[in-house]
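Me: I have a model open and would like to go through it with you slowly. Could we take it a piece at a time?

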Amino acid sequence: LHGDEFSKSTYRSFNIDVVPAPVFKYHTVTRSEETWTNSKRNYLWFGSTGVIHKGLDILIDTFKNLPDFTLHICGNLKAESDFLQVYSDLMERSPNIKHHSFIDIRSDEYKDLLSSCAFVIFPSVSEANCASVITCMANGGLIPIVTKNTDVNLASYGVEIAGFTENDILHAIFKSQQLTPIELDSHSKKILEQTTKYHTFQYFKKDFKEKLRGALSVLAST
């Protein structure tokens, strides 16, 4: 199973081996207490197609009423013509909602964006160990604000979005704002430690080999 606890819970049988796929690290963004303070009001949505499924509509409807907070959007929205018919004018009228289109994660532009944001926010209805969120965590140490359906294990960091309404998003945003720069830095260090340990090709290779051997031993004994 590619995923984690949420993906596992969607199957009738829970006796499933979970093999998280790796997310490669290109950059590590380091910050001081001052940079955490400056980035604290900036949130990043980083996704691909299927933006309604991934909650971008709810985020825009929420942030349009939060002029003191900025939502950065990374994704090729040109492929979402129906979505743009409804939301393009609203995004243009909202100076705190910024669309950056597609961004190469190996580019300086991506690194600068990670440095300017404290949080990656993703209220998706269903993912499997959401790679786009983990990419922002692994490369920038961004603090995840996600639904449990993103299948990202928050461990001792991050903020869970309880549901799929604007009020749920607002509650999660306000909760994230209660974190001090020292707490944000502590969470970020834990995130970089976890992603460096588990989201590498070397760990994936070792994990997959061990679980495959375990499955084969069960077959051999039957």
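Me: Where does Ser101 lie?

Reply: Ser101 is in the loop that runs between β3 and α5 (108-116); helices (H or I, at least four residues) and strands (E, at least two) are DSSP runs, numbered from the N terminus. This is a predicted model, in which local features need pLDDT of at least 70 and side-chain atom pairs count only at pLDDT 80 or more, while totals for chains, interfaces and linings use all residues. Residues are numbered from 1 along each chain as its sequence is written, and side-chain values use heavy atoms, with hydrogens and water left out.

Me: Which loop is the place of Asn129, and what is its phi?

Reply: Asn129 sits in the loop between β4 and α6, and it has a positive phi of about 55° although it is not a glycine. Asn129 is buried, because its relative accessible area is 6%.

Me: Changing topic: how many residues of helix α3 are buried?

Reply: In α3 (residues 56-63), 8 of the 8 residues are buried, so this helix is largely enclosed by the rest of the structure. Among them are Leu56, Ile58, Leu59 and Phe63, and also Asp57 and Asp61.

Me: What do those buried residues pack against?

Reply: The buried residues of α3 pack against the strands β1 (42-46), β2 (70-74), β3 (97-99) and β4 (119-122), and also against the helices α4 (81-93) and α7 (166-177).

Me: What is Asp61 in contact with, leaving aside its neighbours within four places in sequence?

Reply: Asp61 is in contact with Tyr87, Leu90 and Glu166, where contact means heavy atoms within 4.5 Å. Asp61 belongs to helix α3, and it counts as buried because its relative accessibility is 16%.

Me: Now the sheet, in what order do the strands come?

Reply: There are 6 strands in an open sheet, ordered β3-β2-β1-β4-β5-β6, and the pairing is parallel; two strands pair if DSSP finds at least two bridges between them. At the edges are β3 and β6 (159-161), each of which pairs on one side only.

Me: How many bridges join β2 to β3?

Reply: β2 and β3 run parallel and are joined by 3 bridges, and Ile73 stands opposite His99 in β3.

Me: How many bridges does β4 have with β5?

Reply: β4 and β5 pair in the parallel sense over 4 bridges, and Val146 in β5 is the bridge partner of Phe122. From β4 the chain crosses through helix α6 (residues 131-140) to β5 in a right-handed β-α-β crossover, meaning that, with the strands pointing away from the viewer, the path from the first strand over the helix to the second runs clockwise.

Methods: Buried < 20%, exposed > 50% of the residue type's maximum accessible area, 1.4 Å probe, protein only.
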